[in-house]
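Trainee: Could we go through this model together, one question at a time?

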Amino acid sequence: MAETIIELMRHGEPLGGGRYRGCGIDDPLSPLGWAQMRRAVGEHCQWDQVISSPLRRCRSFAIELAARFSLPLAIEPDLREIGMGAWEGRSYQEVRAQDAEHFAALQRDPAAVRPPEGEPLANFQQRVVGVYERQLRVYPGRRLLIICHAGVIRAILGHVLACPPEGWYRLQIGHATISQIRIDRFGVRSVAIQSSLPGP
């Protein structure tokens, strides 16, 4: 079996500043966010297929990239970010001021503590890993670019590395970074995690 390469790209900076932004907030990319993603991709296409979250901060760039390089594009609803419940759209400062105890608990243990009415981590992991496994079946031996979110990337990498959810949040996934998984007939061959935006 030919090697399958899956590259996971986080969206660039969205409009709206620092706030809880899960699947319930559909902010577009900021001008900086567009520049970050274009710079990360560069001038050369190396993919056979683009797959994107349905949220605008991913989908808009995926549409541009697929059109630019004449690539097939698939939108996967289950690649949306984890739901942040009652904290969707609220700034970190606002939540810290109004719900200090819950905010502090989540900072200490984000795997065990979720925002009020937030999506359970087990449900999130199940839907994201389902998408990942489906891509392996549908596109064997291809090179895929999956444009998604920090939480989605952590869930996929956690699955591939057999890392429990409490370890996911040690991974710092910067805007427009690209992490890579290589799979051959023996299974996962290598994982490269890019944790910061490349220099200009």
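Trainee: Is the crossing of α1 and α2 left-handed or right-handed?

Mentor: This is a predicted model, in which local features need pLDDT of at least 70 and side-chain atom pairs count only at pLDDT 80 or more, while totals for chains, interfaces and linings use all residues. Helices are DSSP runs of H or I with at least four residues, numbered from the N terminus. A crossing is left-handed if the near helix is turned anticlockwise from the far one by less than a right angle, and right-handed if clockwise; that of α1 and α2 is right-handed.

Trainee: How are α1 and α2 oriented to each other?

Mentor: The axes, lines fitted to C-alpha atoms over the stretch in contact, with angles from 0 to 180 degrees between N-to-C directions, cross at roughly 40°. Under 35 degrees counts as roughly parallel, over 145 as roughly antiparallel, 65 to 115 as roughly perpendicular and the rest as oblique, so α1 and α2 are oblique.

Trainee: Which residues of α1 make the contact?

Mentor: Contact means heavy atoms within 4.5 Å, and residues are numbered from 1 along each chain, with hydrogens and water left out of side-chain values. On the α2 side stand Arg57, Ser60, Phe61, Glu64, Leu65 and Phe69, and they meet, from α1, Trp34, Met37, Arg38 and Val41.

Trainee: How many residues does the largest nonpolar core have?

Mentor: Such a core joins buried (under 20% relative accessible area, 1.4 Å probe, protein chains only) Ala, Val, Leu, Ile, Met, Phe, Trp, Tyr and Cys residues through side-chain atoms within 4.5 Å. Leu8, Phe124, Ile156 and Ile181 have the most contacts inside the largest core, whose residues number 33.

Note on methods
Buried < 20%, exposed > 50% of the residue type's maximum accessible area, 1.4 Å probe, protein only. Helix = DSSP H or I, 4+ residues; strand = E, 2+ residues; numbered from the N terminus.
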